[in-house]
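Let's take a friendly walk along one stretch of a protein chain. Have the sequence and the 3D view ready, and follow the stops below.

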Amino acid sequence: MALERIQKILSTAGVCSRREAEEMIIEGRVKINGRVAELGDKADPENDTIKVGNKVIKGQSGGKKYYIILNKPRGYVSTTSDPEGRKTVMDLLGQVGSRVYPVGRLDYETEGLLLFTSDGDFANAMTHPSRQVLKTYEVKVQGVMTDSEMERLRNGVRLDDGVTAPAFVKKKGLADKNSWVEVAIHEGRNRQVRRMCEAVGHRVQKLKRMKFGPIDLKGTPLGTYRELTPAEVKLLMKAAGHEEKRPKPKPQAKSPIKEVTAAQKPKNRTVLNTERSSRRPK
């Protein structure tokens, strides 16, 4: 069995995402054969003993891979466990929860579309900054957001962790002198949409993620989940820049009919009409 990086082993086994695995390694919570793991360490998931805390992790080299969409309600944290004892999104998944982990996060007060998977490569493709998969949110903010403020969001605003990338922003309407706007971003900073709106002077009253790439919440009522179809998984991977590799067409067989070269072509013969020429007047 080939050696693999520890964070990949943990994500493939459905423990957490690669990014969360890196945090666990830095915190000293992961051990390989009794030794505290370090970033960059590799192991054999079939033969080495890998522990997170006191739990032994077994690799999942085969078997079914899960891809799930959840319409998350408010009041749940997007982690596999919570040291404060709050409800987690895993409580909404029932028995499936032990096999999957969240792809990215939605904060405690945010509703909407959250993906889960047991496929580490899929999770990495969905969350890596270089993939630039758009996440679309429906936002209700306090007060009336002006066109100039929306333009600032489109161009990028300065936060305490740097200037945000350009966003897609569209006005949706007004409700009791408060604004509904649609915001689409490809970054995944902590509480990013809330902080962006606050940066232009508006506190977020309600936030819901409506789409992840091309996938939306249709057919998934609040608090429920379902498995993604193979076609939906392909659409998401395509949005992350993973085009499906199609086999190259086989070269067509050459025609058995040989081309006749100029040298082989019969020469045109000119037939003289001797009878007509003999009657020509002198």
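Lysine 177 sits in the loop that links strand 13 (168-175) to strand 14 (178-185). Helices (H or I, at least four residues) and strands (E, at least two) are DSSP runs, numbered from the N terminus. This is a predicted model, in which local features need pLDDT of at least 70, side-chain atom pairs count only at pLDDT 80 or more, and totals for chains, interfaces and linings use all residues. Residues are numbered from 1 along each chain as its sequence is written, and side-chain values use heavy atoms, leaving out hydrogens and water.

**Positive phi angles**
- Most residues other than glycine have a negative phi.
- Lysine 177 has a positive phi near 65°, and it is exposed, with a relative accessible area of 72%.
- Buried means under 20% relative accessible area, exposed over 50%, and partly exposed in between (1.4 Å probe, protein chains only).
- Arginine 191, in the loop between strand 14 and helix 5 (192-199), also has a positive phi, near 50°.
- Arginine 191 is partly exposed, at 41% relative accessibility.

- Helix 5 is largely enclosed by the rest of the structure, because 6 of its 8 residues are buried.
- The buried residues in helix 5 are Gln192, Val193, Arg194, Arg195, Met196 and Cys197.
- Their cover includes strand 10 (135-141), helix 4 (147-155), strand 11 (158-159), strand 14 and strand 15 (204-212).

Definitions and conventions:
Contact = heavy atoms within 4.5 Å.
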